[in-house]
Amino acid sequence: MLTPPRGRGSRRPPLAGRHRKDGSPPTLQGGAAGGHCGYISPVLQLRFENVRRRFGRLSVLQGVTGGVGPGELLAVTGPNGSGKSTLLRCLSGLLAPDGGTIEYRENGHPLDAAARRRRVGVVAPDLAFYGEMTVGENLEFFARLRRMPPDRGLAVLDRLQLPLDRMASALSSGMRQRLRWGWALLHSPRLLLLDEPFQNFDAAGERIARELLAEHLAGGGAAVVANPSTLELDDVAGRLDLGR
Amino acid sequence: MWRDASTWAAEAAAVFAKEWRCEFRTLYALNTLALFAFTTLVVVSFSLGPLGVERSAGSAVLPVLLWIILLFSVAAGLPRTFVQEEESQTAMALRLSATPSALFCGKLLYNLTLVLALEVLVTPAYLIMTSLRVASPGLLVAVLAAGGFGLATGSTLVAAIIAQARSKGTLFSVLSFPIFLPLLILAVELTRGAVFGDPGGVAVPVLLLYDASLTVAGLMLFPLVWNP
């Protein structure tokens, strides 16, 4: 279970998540809806409004609105095919939405999709690494791409108990998920976008990942977590149900 | 500014090093290029070698065949550059980590070294097996370098475009045709000039200019092709 961030007696009102679909009422559960349109976070703020995305004739996202601020977690739920992964891809900058706005600010500065891609930390089921290289070589390569010292993030990797000298192709599915977490946290991102973040984990792996997420939130980071079922997460600022 | 440039170069170098590290462990592109080049080389040397055609006729035809061997070897191996990233689903991690221009240059450098290695292996063997005499070796080296650069740049750009498509092979052929046609016409003319010792009206700078245009176009187009 996630530990709520400490030392924040008077919490700011969390940013809301809601899904507008054919004029249906918002499906926000938990957290507070609205009432913070003028709020600008000094550290980070993600807001998305009326995000729409189609794939050919299939409309996957039909006007999704929500956001997160420092220390907040937005839980996105919905059945398979409801658009959870598509929403996270749009938020990360990997997919351009057909309509709506996505605004992400760090230290008050707005970041466009290209900058957003390199700033956020992403865990997703279809995130893969080079099977011809070891875990350590993979992480060193991506650390260089992110222009960081190669030894950055070693503490996190140590906690995830990743076998750095094992070929990535020889990892079990649980270890691959640990590698995704290690990769996502490598550059100490302020915003984590987590798509089914605890899948394939054993009990120890899930506990470590939950601890890392709790520490991320306690440190003022934010997270958007997508999962088909409702995860048992503490300190959820808002829930966004994409159920059809 | 210099700090930005050096980190950008370090990023491109990291991509280049990663490509070669993976290549040395799988030998996919090296094997493909070498096997294709060797097969065509043997076929050409048997049918058009010293015993196949008259020396005068051979001198006119053999430069064309050299570039056909290089083109098809490149087409067999280089498009994998980006296709591999999409098929193994590593493209997502790359998109979230790399600066597009640095990624393009890293991949281009890798493809360029592959093409140059191919030329270094194929050209001497080709000249020996076909008994083709070159009047101006310096010009031939310049043409191979400039032509190889063009082949590598064009292949890298087209590989990025086709990577997300379904019928990759067909698309590569269709897109490569307008890009490689001017390049090959220039390269063949200059190679013929090197064989006869008379470059004629075409000069190497024209080929270099075409290379530069391709590189600029690649750097401008790649971020649009690579990202949504």
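The buried residues of helix 5 of chain A are covered by elements that include strand 7 (121-123), helix 3 (135-145), helix 4 (154-159), strand 8 (191-195) and helix 6 (203-218) of chain A, together with helix 5 (91-95) of chain B. Buried denotes under 20% relative accessible area, exposed over 50%, and partly exposed in between (1.4 Å probe, protein chains only); helices (H or I, at least four residues) and strands (E, at least two) are DSSP runs, numbered from the N terminus.

This is a predicted model, in which local features need pLDDT of at least 70 and side-chain atom pairs count only at pLDDT 80 or more, while totals for chains, interfaces and linings use all residues. Residues are numbered from 1 along each chain as its sequence is written, chains are lettered from A and ligands numbered from 1 in the order in which they are written, and side-chain values use heavy atoms, with hydrogens and water left out.

Because eleven of its 13 residues are buried, helix 5 of chain A is largely enclosed by the rest of the structure. Among these buried residues are Arg178(A), Trp181(A) and Trp183(A). Beyond its neighbours within four places in sequence, Trp183(A) is in contact (heavy atoms within 4.5 Å) with residues including Phe129(A), Phe142(A), Ala93(B) and Leu96(B).

Confidence is expressed as pLDDT, the predictor's value for each residue from 0 to 100. Chain A has a mean pLDDT of 82. Within chain A, strand 7 has the highest confidence, at 97, and strand 1 (residues 17-19) the lowest, at a mean of 48.
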